[in-house]
Amino acid sequence: MSAVTPDAVHGHDHGHDGHDHDHHMPTGWRRWMTATNHKDIGTLYLFFSFIMFLTGGVLALTIRAELFQPGLQIVRPEFFNQLTTMHGLIMVFGAIMPAFVGFANWMIPLMIGAPDMAFARMNNWSFWLLPPAALLLVSSFFVPGGASAAGWTLYAPLSLQMGMGMDMTIFAVHIMGASSIMGAINIVVTILNMRAPGMTLMKMPMFAWTWLITAYLLIAVMPVLAGAVTMLLTDRHFGTSFFNAAGGGDPVLYQHVFWFFGHPEVYIMILPAFGIVSQIVPAFARKPLFGYASMVYATASIAILSFVVWAHHMFTTGMPAVTQIAFMYMTMLIAVPTGVKVFNWIATMWRGSMTFETPMLFAVGFIFVFTMGGFTGLMLAIAPADIQYQDTYFVVAHFHYVLVAGSLFALFAGTYYWIPKWTGHMYDEKLGKRHFWLSMISFNVTFFPMHFLGLAGMPRRIPDYNPFFTDFNQLATVGAFGFGLSQVFFFYIVLKCIKGGPKAADKPWDGAEGLEWTVPSPAPFHTFEVPPVFEAPAGHGH
Amino acid sequence: MSQTLEKYFVPEPSTYPLMGAVALLLMAAGASFWVNHLEAGPWLVASGFAVLIYMLFGWFRTVARESESGKYGAQVSKSFRFSMMWFIFSEVMFFAAFFGTLFYVRHIGIHDLGSVDGNLFWPAFKAVWPTAGPLGELEMTMAPTITFGKAMLGLALMVGAGAAVTYAHKPLEHGKRSQLQLVLVLVVVLVALFLGAMSLDWLPAINTALLLASAATLTWAHWSIRNGNRAQFNIFLALTIALGVVFLGCQAEEYTHAYHEGLKLTSGIYGSTFFMMTGFHGLHVTIGVIMLTVMLFRSLAGHFSAERHFAFEAAAWYWHFVDYVWLLLFIVVYVL
């Protein structure tokens, strides 16, 4: 069932019998619970994130079902708020982030020629902290008062008023933060210390670069989130006044601390996606990545700028105009490095010998739809205009364009691109293409109308609405159910590929570059125990 | 294929991480119960904590054994160094959240509350720090009673001592014994002068002196192990631990005093920031003391050599980090 079976190791002609690791490789549940192998842990991350993706998806579909018509049909308003909150938290911390960490676990050691992650035991802990956190989040629905209903941002003073579900959410965030920090330290150290000889930083695959910078962001901001929710906890139960004006505190302070974490967090969820797309586009355009160095600098610029733009989430909190203007300009500045990236991807495709297998379809789809999300981001960055957009469906449309059509589509692209290496089988190309078109169309049917709803003034996080908004809401609900079903279809394609299919070559994509394609498919249990020879592909660095 | 490179150590499958995950689940669920006054709460937290302690003992013992049996090559050592630096960076960012909070409430939040609109709600409110906010009056604060000039002189001496003990790592690195001794004596002299300027009956000043002195003793302990003098290493490491413990005792004394005088965690934003910042710092000192104590026991068990003692160095980095946080706390929480 798994991507790498022990038999595949011994059956392979390199014969790993002489290596001491294989003697104690446990089987059954112990293999997964006590894993120190980066491929096994990567598989765990990917399956966990998919389960959470379906969980968060069910919450989303409940929301869309309620919004099919104005008035209250299916859920009570307070439960509706729990749904939106938990949908956000589960998708961000349970689905998108762990999925990228799963990719990092599987691919970074293979791409840089390392035998494993730098800290294999800690790697296991990073993963196994996630199910307890997920358990806390999901079970909070069943405690008195229900789950947290303050929105995924957990704004004070709402988050100071909820019941026990809020405390469970706070502790879940602590645990997920610890998991992320350990995972990120592991990735940074692996990349900095374990590259194959000859692979200088400026010759690294882009995916490793984007993850290096993402991991730096994670280490920098997850502790800040821990501080923010700790202050929430002490305000709730130990009588502090951080966010309580009656004691001299300020609820707006929470927003500052949260978004100091929250904006870099947005890039944590998109930079690895940039990395995946930067691997795939050159492979299917059969040309080296255009402007490798500028890609690296653009990624670093985005990361640095992400620390000085947080207050653009808070234009309506009554900040001084000069502060608003400063944050507005800093935010718009981010469009420059992002534009560099989009330009480079297009320039890579320019006069390339292009084919459109499923990974490439998702990558090109990503570039097209993510850029639309980037443009609405620019609209939201304009402080005076944002007063109109704030807390409307326009914001919902914007961040789903960057998180679903951005992060999620890149994850799909990466899955189709590397699944031959994981399973040793080719996926069903016809079904893959079908999955792309179903996802692309239903995604736009769901979220494109939300732009209009938002501009017309429909507020977010509201279970009922003016009948005036009905048509677009019904369209969005139809699209959402189509999108949900498309992802069940995706699961079927993946399972089918794990079970069988045409045998994958070591390098199934003729234009692909990188060390991961020099090992057999499926990748043996242990790879690169001795560092490989690395020769930079043409066009990478100097 | 290059055969000159050593094989990177990849550990066997292990149950410790899973144990750690169970421990944190028990503690998180238990804490959620506890703060909501459910009876099972404390028991769950206690059992989770017990599992966590067991796990930490087992895991660190495994790592120490692997290290002592020579399984870690130069590349693994480098990984440990990198990871400790990044871990300390994450701790820096954790404290940054609280320093940022203090800055915000003092320089932005209070003024907003004291603005014209605020006065409509709280006519008596004065927008000055320290404050317990519109609805409370502070019964005491931690501000020093000495003159401004003396306080500034004290801070200058403190920064000098901190800079000197940082500089001491240069002769330490280059093996210059007499130069190192000279710098460390200078640190002690500066600390004594600092105490003279700040007044001896002000506990926070004594605490600052204790931590600065502990940085000096720790640096000398480092010198000793680098030169293979285990007996001296043990003595100076024990001295560092003792200074840390006395610091924690003084902190406890200060908290008791504050609570008797009426400054509590619940005393509005001043009490919140004061106790949370010094409290989290105290927690980190406690962790540092535990780390150094483990290093002392490992040294007594014959671990470490003049060349290989990174576990001790990591603990020392952590201790210095905790020192630096205190110096910053001392400036912005107590003096300014």
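How many salt bridges does the rule give over all chains? The count comes to eleven, taken over all chains, where a salt bridge is a side-chain nitrogen of Lys or Arg within 4 Å of a carboxyl oxygen of Asp or Glu. Side chains of opposite charge can pair when their charged atoms come close. The model is predicted, with local features needing pLDDT of at least 70 and side-chain atom pairs counting only at pLDDT 80 or more, while totals for chains, interfaces and linings use all residues. Residues are numbered from 1 along each chain as its sequence is written, chains are lettered from A and ligands numbered from 1 in the order in which they are written, and side-chain values use heavy atoms, with hydrogens and water left out.

One of these pairs deserves a look. A:Arg286 forms a salt bridge with A:Asp510, and the closest N and O atoms are 2.9 Å apart. A:Arg286 lies in the loop between α10 (251-285) and α11 (292-305) of chain A, and A:Asp510 in the segment after α18 (470-499) of chain A, so the pair ties together parts that are 224 residues apart in sequence. Helices here are DSSP runs of H or I with at least four residues, strands are runs of E with at least two, and both are numbered from the N terminus.

Helix packing in chain A comes next. Helix α4 (residues 77-112) and helix α9 (residues 206-237) of chain A have axes that come within 11 Å and cross at roughly 140°; axes are lines fitted to C-alpha atoms, for helices over the stretch in contact, and angles run from 0 to 180 degrees between N-to-C directions. That makes α4(A) oblique to α9(A), since angles under 35 degrees count as roughly parallel, over 145 as roughly antiparallel, 65 to 115 as roughly perpendicular and the rest as oblique. The contact (heavy atoms within 4.5 Å) involves residues of α4(A) including A:Phe93, A:Met97 and A:Phe100, which meet residues of α9(A) including A:Trp211, A:Leu218 and A:Met222. By class, this contact of α4(A) with α9(A) has 16 nonpolar, no polar and no charged residues. In that classification Ala, Val, Leu, Ile, Met, Phe, Trp, Tyr, Cys and Pro count as nonpolar, Asp, Glu, Lys and Arg as charged, and the others, Gly among them, as polar.

Helix α13 (residues 335-349) of chain A packs with α10(A) at an angle of about 20°, their axes being 8 Å apart. The two helices α10(A) and α13(A) are thus roughly parallel. On the α10(A) side the contact includes A:Phe274, A:Val277 and A:Ser278, and on the α13(A) side A:Lys341 and A:Trp345 are among the residues. Seven nonpolar, three polar and one charged residues make up the contact of α10(A) with α13(A).

The axes of helix α12 (residues 321-333) of chain A and α13(A) come within 5 Å and cross at roughly 10°, which makes α12(A) roughly parallel to α13(A). Here A:Thr331, A:Met332 and A:Leu333 of α12(A) meet A:Ala335, A:Val336 and A:Pro337 of α13(A). The residues of this contact divide into five nonpolar, one polar and no charged.

Most residues other than glycine have a negative phi, and most peptide bonds are trans. A:Arg351, in the loop between α13 and α14 (358-381) of chain A, has a positive phi of about 60° although it is not a glycine. A cis peptide bond joins A:Ser521 and A:Pro522, with omega about -5°, and A:Pro522 sits in the segment after α18 of chain A. In chain B, the peptide bond from B:Trp129 to B:Pro130 is cis, with omega near 0°; B:Pro130 is found in the loop between α4 (116-121) and α5 (148-167) of chain B.

Chain B has eleven helices and zero strands. Its C-alpha atoms fill a box of roughly 80 × 55 × 40 Å along the principal axes. Chain B is divided into domain 1 (16-71) and domain 2 (87-335), with bounds from an automatic or database domain assignment. The centres of these two domains of chain B, taken over C-alpha atoms, are separated by 28 Å.
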